[in-house]
Amino acid sequence: MIDVAIVGCGPVGALLANLLGPSGLTVEVFEREAELWRLPRAVHFDGEVMRIFQAAGLAAEVARVAREGTRGMHFVNAEGRTLLVRGIAEGPGPQGWATSWYFHQPDLEGVLRAGLARYPNVRLHLRHEVLAIEQDASGARLRVGGPCGDATHATRYVVGCDGARSMLRRLIGGGDYDLGLHQPWLVADLLLKRDLGLPSWTVQHCNPARPMTEVCVTGQRRRWEIMLMPGDDPQGITAPERVWEFIGARVTPADAELERAALYTFHSVIARSWRDRRLLIAGDAAHQTPPFLGQGMCAGMRDAANLAWKLAAILRGAAPEALLDTYATERVPHARAFIELAVEIGALIQTTDARRAAERDKSFAQGEEQVFQFPAPPLGPGAHLGTAPAGRLFPQPRLGDGRRLDEAIGERFAVLGARAAIEGAGAAAARAWDVLGAARLPDPGGEAGAWLAARGLAAVLLRPDRYVFAAVQDAAALAAASLRLPGAPQP
Ligand SMILES: Cc1cc2nc3c(=O)[nH]c(=O)nc-3n(C[C@H](O)[C@H](O)[C@H](O)COP(=O)(O)OP(=O)(O)OC[C@H]3O[C@@H](n4cnc5c(N)ncnc54)[C@H](O)[C@@H]3O)c2cc1C
């Protein structure tokens with residue numbers, strides 16, 4: 001019997017399989033395509049996602065195919081005035097990595113797929129399409145069509161990482177929250193033949209005559225995203241001569257090779273239901289966002305990180321199945337916060353009425369550019385004790401010995417704080433940490449110690465995905481919180 005069957009090996013399915021690899025569980029990934037998806041899609045991920053790649057043991061490999069963003073994202077009006085900037089931290093941000101990274105999606109997916117070869121318990125089946133799924137109390141059965149015909153596989157859980165047209169989302173049912181934005185855009189990837197002095201940062205051209213996005217990806221790669229206007233005929237719009245019509249004022253066929261172009265409708269939706277007993281969804285199967293913040297795949301990567309430790313704990317018998325109920329309650333509000341901001345930013349970029357665009361421009365103060373940051377929303381209610389900073393991501397500072405925090409504590413629960421609180425929490429708490437394999441980091445000092453001191457905290461309990469389970473002010477509270485960790489033995 002398979003422990004976890006993953007339907008779809010896009011970035012989210014591939015990452016989930018990598019995160020489950022060290023658990024020793026039997027993981028089978030079914031992907032209907034023979035090759036990596038070649039259409040232009042994600043180009044950006046953030047520091048939290050890099051930290052998740054670190055957890056998957058792939059940060060160095062990913063860093064080799066990605067570049068750090070240095071200048072943020074600039075929203076520029078038709079006259080070339082910068083209205084707004086998405087700011088980024090200089091050097092490593094709170095997650096221990098640069099806050100913005102740029103990459104070519106097939107390169108990243110190549111790294112994630114190669115990572116699977118490290119685990120004999122994880123198998124990828126290319127050219128295998130999941131055709132039907134049924135489930136009962138003992139598990140689920142998948143009918144899978146492959147080059148040698150159809151076969152049936154029994155599994156304990158199925159995770160649909162099967163993209164925007166997800167079969168699993170249909171099977172789970174429940175409909176979507178629709179956040180209102182549905183707009184066609186033409187997306188083109190180019191390879192520059194020479195240096196044209198183009199910006200090395202992302203430019204959102206908030207021009208009512210033709211909203212566009214221009215991205216410096218990696219090396220000679222550039223991305224253009226071009227909004228379709230009401231009169232545009234989408235028929236044949238991806239043909240090279242049509243694409244050059246849009247971008248020819250800035251770059252011509254003499255300057256660059258048009259690698260690929262595709263027409264997308266950007267959506268803003270979240271599935272209402274992410275689980276039905278043995279079936280779950282993650283990634284685009286669960287939510288879709290317009291890409292104005294470069295956050296669609298990022299949300300999927302966070303889904304994978306949230307789900308991996310929970311599935312592993314349940315399948316090892318170390319936590320009750322009810323832990324899976326917290327997956328959607330935690331992730332839906334978090335994903336929603338990013339999508340709502342992307343819709344808001346989308347309204348800014350997609351204004352096509354000249355008068356409203358002029359009012360918009362006026363609303364931004366002249367002179368100083370307005371700066372905004374990505375949101376850092378808390379998780380919704382779930383496997384944490386609720387009061388902030390519980391439910392929020394703990395930062396990843398460097399420790400006194402130079403290591404990043406996660407290198408020191410590993411991918412498991414951790415207790416971090418004053419030695420007196422850790423030692424004073426008592427035998428029942430210590431037993432819970434031992435049973436759960438929790439790392440203990442007494443008197444962490446440095447930035448971690450300063451973080452605790454600034455909040456008047458004696459200690460924090462961290463989950464394997466680095467979200468704070470509980471933040472406490474003394475040993476007695478630490479003892480009580482430790483006994484509420486998922487899977488903690490009761491005295
Ligand atoms: C123009 C554009 C720009 C974007 N920019 C960004 C960005 O900068 N940053 C960002 O974070 N995100 C961005 N995104 C979003 C990002 O590309 C997606 O969120 C991400 O690719 C979703 O990954 P996924 O693994 O969930 O789904 P997918 O990548 O769609 O993978 C799903 C996989 O499932 C397989 N599959 C489906 N059904 C079956 C079945 N029945 N059996 C077997 N296999 C099946 C498919 O073949 C596919 O390989 C962008 C998207 C677009 C369109």
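Start by selecting strand S12 (residues 176-192) and strand S16 (residues 256-271): they pair in the antiparallel sense over 14 bridges. Strands pair here if DSSP finds at least two bridges between them. Helices (H or I, at least four residues) and strands (E, at least two) are DSSP runs, numbered from the N terminus.

Two notes on the model. Residues are numbered from 1 along each chain as its sequence is written. The model is predicted: local features need pLDDT of at least 70, side-chain atom pairs count only at pLDDT 80 or more, and totals for chains, interfaces and linings use all residues.

**Stop 1**

Zoom in on Pro-184. Thr-265 in S16 stands opposite Pro-184. Now widen the selection to the whole sheet. It is open, has 9 strands in the order S19-S16-S12-S15-S14-S13-S5-S6-S20, and its pairing is mixed. The edges are strand S19 (287-288) and strand S20 (370-372); each has a single partner strand, so one side of each is left without a neighbour in the sheet.

H6 lies across S12, strand S15 (221-227) and S16, and runs at about 80° to S16. Axes are lines fitted to C-alpha atoms, for helices over the stretch in contact, and angles run from 0 to 180 degrees between N-to-C directions. Residues are in contact if their C-beta atoms, placed from the backbone, lie within 7 Å.

**Stop 2: the ligand shell**

Select the ligand next. The shell around it holds 35 residues, and Gly-8, Gly-10, Gly-163, Gly-283 and Gly-296 are the closest. A residue is near a molecule or strand if its C-beta atom, placed from the backbone, lies within 6 Å of it. Elements giving two or more residues to this shell are helix H1 (11-20), strand S2 (27-31), strand S3 (44-46), strand S9 (129-136) and helix H7 (296-315). H7 gives the most, with 4 residues.

Colour the shell by class: 18 nonpolar, 10 polar and 7 charged residues. Ala, Val, Leu, Ile, Met, Phe, Trp, Tyr, Cys and Pro count as nonpolar, Asp, Glu, Lys and Arg as charged, and the others, Gly among them, as polar.

**Stop 3: H7 and H2**

Angles under 35 degrees count as roughly parallel, over 145 as roughly antiparallel, 65 to 115 as roughly perpendicular and the rest as oblique. H2 passes H7 in a left-handed crossing. A crossing is left-handed if the near helix is turned anticlockwise from the far one by less than a right angle, and right-handed if clockwise.

Show the side chains. Val-49, Ile-52 and Ala-55 of H2 meet Cys-298, Met-301 and Ala-305 of H7. This contact has 6 nonpolar, no polar and no charged residues.

**Stop 4: H1 and H4**

The crossing is left-handed. Select the contact: Pro-11, Ala-14, Leu-15, Ala-17 and Asn-18 of H1, with Leu-108, Glu-109, Leu-112, Arg-113, Gly-115 and Leu-116 of H4. By class it has 7 nonpolar, 2 polar and 2 charged residues.

**Stop 5: two backbone details**

Most residues other than glycine have a negative phi, and most peptide bonds are trans. Centre on Arg-277, in the loop between strand S17 (275-276) and strand S18 (279-281). Phi of Arg-277 is near 50°, a positive value in a residue other than glycine. Then find Pro-389, in the loop between S20 and helix H10 (405-409). The peptide bond from Ala-388 to Pro-389 is cis, with omega near 5°.

**Stop 6: the four-stranded sheet**

Select S22-S21-S23-S24, the order of 4 strands in an open sheet with mixed pairing. Strand S22 (439-442) and strand S24 (468-472) stand at the edges, each with a single partner strand, so one side of each is left without a neighbour in the sheet. Inside, strand S21 (residues 414-417) and strand S23 (residues 459-462) run antiparallel, joined by 4 bridges. Gly-417 has Ala-459 in S23 as its bridge partner. Helix H14 (residues 475-482) packs on this sheet, touching S23 and S24, and its direction makes about 155° with that of S24.

Finish with helix H12 (residues 427-436), which packs against H14 at about 45°, with axes 9 Å apart. H12 and H14 are therefore oblique to each other. Ala-428, Ala-429, Ala-432 and Trp-433 of H12 meet Leu-478, Ala-479 and Ser-482 of H14.

Terms used. Contact = placed C-beta atoms within 7 Å.
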